[in-house]
Amino acid sequence: MQTVTPVVRKAPRPRADALRNRERIVTAAREMFVEFGPDVPLDEVARRAGVGNATVYRNFPDRDALVREVVCSVMDRTTEAAERALAETGDAFEALERFVHTAADERISALCPMVQSTFDKNHPDLEASRERSEQLIGALMDRAKAAGQLRSDVDVGDLMIAVAQLSRPPAGTGCTIADRFVHRHLQLFLDGLRAPARSVLQGTALTMEDLRQA
């Protein structure tokens, strides 16, 4: 009797329009989280994305799933910016500067209230994005330190908490108003990072792990 080998069927790939809808939802959610915070109604996200509520819930069964996807997407885009900066062969500090300004444009400050929410901070997708991002940013800083251009008493945590704070609009002001000054104030901060250091900082260099444990 001849044995018939079963055919292994691959899972169907998502249609192009389904992928576009998912991207539109994530983009709309990111924009609205920045403008209104992570508690914005999901039907408002659907309206801005130009899709129905059912499409949102088909892609993201609950708010935590959508928040996690937004956090990961921002971290992935920040990682891509760090990769591009590391690939540059010119001035190490200028590459770090370009990365910082790009990271600010991603509005990473909007992640702060979201990562403090109830979703699983140890989700494998989030951990993978976070670890890769921190490694690349650390490499960027190490290269600038090795070139004698970045002060030695700072670490990734110092850099990223400053970027988050400087790109977050003060209470009572609109995002669009604060956006006009973000890069001006970031450049002031970056100038203070240049070596040789002109002051002694309190405490020790701050890592991302220090921030998570604080």
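The following conversation goes through a predicted model of one protein chain.

Visitor: What kind of model is this, and how are residues numbered?
Guide: The model is predicted: local features need pLDDT of at least 70, side-chain atom pairs count only at pLDDT 80 or more, and totals for chains, interfaces and linings use all residues. Residues are numbered from 1 along each chain as its sequence is written, and side-chain values use heavy atoms, with hydrogens and water left out.

Visitor: What secondary structure does the chain have?
Guide: The chain has ten helices and zero strands. Helices (H or I, at least four residues) and strands (E, at least two) are DSSP runs, numbered from the N terminus.

Visitor: How much of the chain is buried?
Guide: Of the 214 residues in the chain, 38% are buried. Buried means under 20% relative accessible area, exposed means over 50%, and partly exposed lies in between (1.4 Å probe, protein chains only).

Visitor: And which residues have the most contacts inside the largest nonpolar core?
Guide: They are L66 and F99, in a core of 51 residues. A nonpolar core is a set of buried Ala, Val, Leu, Ile, Met, Phe, Trp, Tyr and Cys residues joined through side-chain atoms within 4.5 Å. In soluble globular proteins, nonpolar side chains tend to be buried together.

Visitor: Which element gives the most to this core?
Guide: Helix α4 does, with eleven residues.

Visitor: What does L66 touch?
Guide: Leaving aside neighbours within four places in sequence, L66 is in contact with I25, A29, F33, L42, V45 and F60. Contact means heavy atoms within 4.5 Å.

Visitor: Back to α4: where is T79, and is it buried or exposed?
Guide: T79 is in helix α4. T79 counts as buried because its relative accessibility is 8%. Apart from neighbours within four places in sequence, T79 is in contact with S129, R132, S133 and L136.

Visitor: Which residues of α2 are buried?
Guide: The buried residues of α2 are L42, V45, A46 and A49. They cover an arc of only 100 degrees around the axis, so they are on the same side of α2. That arc is taken from the directions from the helix axis to the C-beta atoms. An α-helix has 3.6 residues a turn, so residues three or four places apart point the same way.

Visitor: What covers that side?
Guide: The cover of the buried residues of α2 includes α1, α3 (53-59) and α4.

Visitor: Which residues does the "DNA-binding region" annotation cover?
Guide: The UniProt annotation, from an unreviewed entry, covers residues 41-60. UniProt positions are given in the numbering used here, feature names are shortened, and annotations may be inferred rather than shown by experiment. In the model, the span 41-60 is 75% helix and 0% strand, and its end C-alpha atoms lie 14 Å apart.

Visitor: How many residues of α5 are buried?
Guide: Ten of its 14 residues are buried, so α5 is largely enclosed by the rest of the structure. Among them are F93, L96, F99 and V100, together with E97 and H101.

Visitor: What do the buried residues of α7 pack against?
Guide: They pack against α4, α5, α8 and α10 (208-213). The buried residues of α7 include L126, S129, R130, S133 and E134.

Visitor: What follows α7?
Guide: G148 follows α7, and its phi is positive, near 75 degrees. Just after α2, G50 likewise takes a positive phi, of about 75 degrees. Most residues other than glycine have a negative phi, and most peptide bonds are trans.

Visitor: Which peptide bond is cis?
Guide: The bond from A195 to P196 is cis, with omega near 5 degrees. P196 is in the loop between α9 and α10.

Visitor: Where is Q202, and is it buried or exposed?
Guide: Q202 is in the loop between α9 and α10, and it counts as exposed because its relative accessibility is 80%. The C-alpha atoms of Q202 and D153 are separated by 9.8 Å, although these residues are 49 residues apart along the chain.

Visitor: Where is D39?
Guide: D39 is in the loop between α1 and α2. D39 is exposed, with a relative accessible area of 66%.
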